[in-house]
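Open the model in your viewer and keep the selection tool at hand. We will go stop by stop.

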Amino acid sequence: MAATESKKVNSENPAAAKTGGKVWFYSLLLTLQYGAQPLISKRFVRHEVIVTSSVLTCEAVKVICALVLMAKEGTLKKNYREWTLFGSLTASGLPAAIYALQNSLLQISYKNLDSLTFSILNQTKLFFTALFTYIILRQKQSIQQIGALFLLIMAAVLLSVGEGSSKASSSSKPDEILFYGIVPVLVASVLSGMASALCQWASQVKKHSSYLMTVEMSIIGSLCLISSTSKSPDGEAIRQHGFFYGWTALTLIPVILNAIGGILVGLVTSYAGGVRKGFVIVSALLVTALLQFIFDGKLPSPYCLVALPLVMISISIYQKYPYRVKKKQM
């Protein structure tokens, strides 16, 4: 019955069917990219490569790709004419600043928590994404979808445990663990959910182009990173050895792939929202485990085998039982 209704809706609304096809296509590409990225980076990025140089190059590639895609779809001139500094800062400036703060908090937390605790607390960002999507966009979740989100969080925790190292907490003081470990990662999860919902608001409510947001956020993020190089170890390394120290021609492969992933994140958020992006990222962890088995001969952990059906069930439930407004009885 549900399948018949779905087909009827798609036949009556070809645009919705086309958008749905795009969502699945972009989600699949992002899953594959996110899942393959760790293995490709490990093989093609030498240990000597300065992190800041690869990040800035990735952002530059991202900007070029987004501009080319805007030109290809014929929106480059329109976006240029309608662009304003205020509109850019409200749509992209705040999320970019939030993401920068989030990354800093995660670095602080990771140094003061064991891997297991960090991984478990970090998965709460899925819950906060759904929460801020409701607060900012009034996008409600059905009871079944809320259950699916908890299943997904369980799967993410299992996958994180499977990948966790034996790294012990660097501090045995409870106060330090609380204020420099637990609090920063929880605040980072809140900020991640808020930034994701703001990006969704900008693209779906303000109709801000996904490609334009990619350009704006890349430029803002790059400016913040460049300003930090005056005192950071990476900045000192760049001044001493040069920007492309340790690079080879093959280093461009993971950099370009990562840039494409950034554009796909924007498209998935724009078309499907931040919650769907969370499903994609958790699914990608399974892809990583599969690729590690194929190319490295590393067997998936028992946690991964338990997480696989949880991810599949949660995706199925989330798609099958969307929130529906109850009709008032006359």
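**Stop one: the cysteines**

Begin with the cysteine sulfurs: the count of disulfides (pairs of cysteine sulfur atoms within 2.5 Å) is zero. Select Cys-65, which is in no disulfide; its nearest cysteine sulfur belongs to Cys-58, 9.2 Å away. Cys-65 has 25% relative accessibility, so it counts as partly exposed. Buried means under 20% relative accessible area, exposed means over 50%, and partly exposed lies in between (1.4 Å probe, protein chains only). Now select Cys-224: with a relative accessible area of 40%, Cys-224 is partly exposed.

A note on the source: this is a predicted model, where local features need pLDDT of at least 70, side-chain atom pairs count only at pLDDT 80 or more, and totals for chains, interfaces and linings use all residues. Residues are numbered from 1 along each chain as its sequence is written, and side-chain values use heavy atoms, with hydrogens and water left out.

**Stop two: the whole chain**

Zoom out and colour by secondary structure. The protein chain has 14 helices and zero strands. Helices (H or I, at least four residues) and strands (E, at least two) are DSSP runs, numbered from the N terminus. Of the 330 residues in the protein chain, 41% are buried. Take contacts (heavy atoms within 4.5 Å) between residues at least 6 apart in sequence: 89% of them join residues at least 24 apart.

**Stop three: α3 and α10**

Select residues 51-72 for helix α3 and 210-228 for helix α10. They pack at an angle of about 155°, with axes 9 Å apart. Axes are lines fitted to C-alpha atoms, for helices over the stretch in contact; angles run from 0 to 180 degrees between N-to-C directions. α3 and α10 are therefore roughly antiparallel. Angles under 35 degrees count as roughly parallel, over 145 as roughly antiparallel, 65 to 115 as roughly perpendicular and the rest as oblique. Ala, Val, Leu, Ile, Met, Phe, Trp, Tyr, Cys and Pro count as nonpolar, Asp, Glu, Lys and Arg as charged, and the others, Gly among them, as polar.

**Stop four: α9 and α12**

Select helix α9 (residues 174-204) and helix α12 (residues 252-272). Their angle is about 70°, and their axes lie 8 Å apart. α9 and α12 are therefore roughly perpendicular. The contact of α9 with α12 has three nonpolar, six polar and no charged residues.
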